[in-house]
Amino acid sequence: MKFIGIIPARYASTRFPGKPLAMLGGKLVIERVCEQVSKVLDEVVVATDDKRIFDAVNAFGSKAVMTSANHKSGTDRIREAADIINTDADVVVNIQGDEPFIHPEQIEAVCRCFNDPSTQIATLGKPFGDDIEAIENPNSPKIAVDTKGFAMYFSRSVIPFVRGAEPKTWPNQFPFIKHIGLYAYRTQVLREITMLPQGQLEIAESLEQLRWLENGYRIQVALTDMETVGIDTPEDLAKAEKMLSEIG
């Protein structure tokens, strides 16, 4: 089975314009993402709508393609990139362009989901542990999974609701799972899901993956114990610099 990693990277960002080109430990953020992904996948492509990012990626020796500036999601962007390069990969892996500390083991875990021929889409989850504040944070979507590890629902609300127990005790009552935005899709499925209209669930929760569930697609959830560090703001970049210096 052949896999390709496609990294969507936009220049425009409300909270941190140009973050793919921000410097982190002497390298560009997008360069560090490419390096991490290349440890696992032989083919890695950055899909961008900005010539500055395109030129920078080519300058440090990775491959980039120019895509439309009108895409509403990273999924739409990687679908266009896959079509531009006419990929023959069986599975497209979508790695966020602001995750310079993505672990190779996490990418491998998502790729292994496709050993099951019924897997159409795969993503990553991480146990929350006992942090009830993190569980209650609507910016950290939760996943409910079935007995075979497939997603039943994603929500910004706490799912499930633990009846008859104080919220502070909920982490001791149920293994809540945090969703981490690493995706992989069979290539034909990627083409199909980008043709779907938004559904009511996606509009309500502002979670794109609910569109896929609402249309009957199956999403297998790989689990990891490793935390990821996304960079959404300049403050996040400062924290990442500190983390990098501690790692050495």
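I'm counting a salt bridge as a side-chain nitrogen of Lys or Arg within 4 Å of a carboxyl oxygen of Asp or Glu. Before going on: this is a predicted model, where local features need pLDDT of at least 70 and side-chain atom pairs pLDDT 80 or more, while totals for chains, interfaces and linings use all residues. Numbering runs from 1 along each chain as its sequence is written, and side-chain values use heavy atoms, with hydrogens and water left out.

**Entry: salt bridges.** I looked up the total and got 14. Arg 79 and Asp 83 make one, at 2.6 Å, N to O. Both lie in helix 3 (residues 74-84), four residues apart, about one turn of the helix; helices here are DSSP runs of H or I, at least four residues, strands are runs of E, at least two, and both are numbered from the N terminus. An α-helix has 3.6 residues a turn, so residues three or four places apart point the same way.

Entry: Next I checked Arg 15 and Asp 232, whose side chains meet at 3.9 Å, N to O. They sit 217 residues apart, Arg 15 in the loop between strands 1 and 2, Asp 232 in the loop between strand 11 and helix 10. Arg 15 is exposed at 55% relative accessible area, while Asp 232 is partly exposed at 29%. My cut-offs are buried under 20%, exposed over 50% and partly exposed in between (1.4 Å probe, protein chains only). I also found both residues in a salt-bridge network with Lys 19 and Asp 98.

**Entry: covered elements.** In helix 1 (residues 29-38), I found eight of 10 residues buried, among them Glu 31 and Arg 32. Strand 11 (residues 219-223) has four of its five buried.
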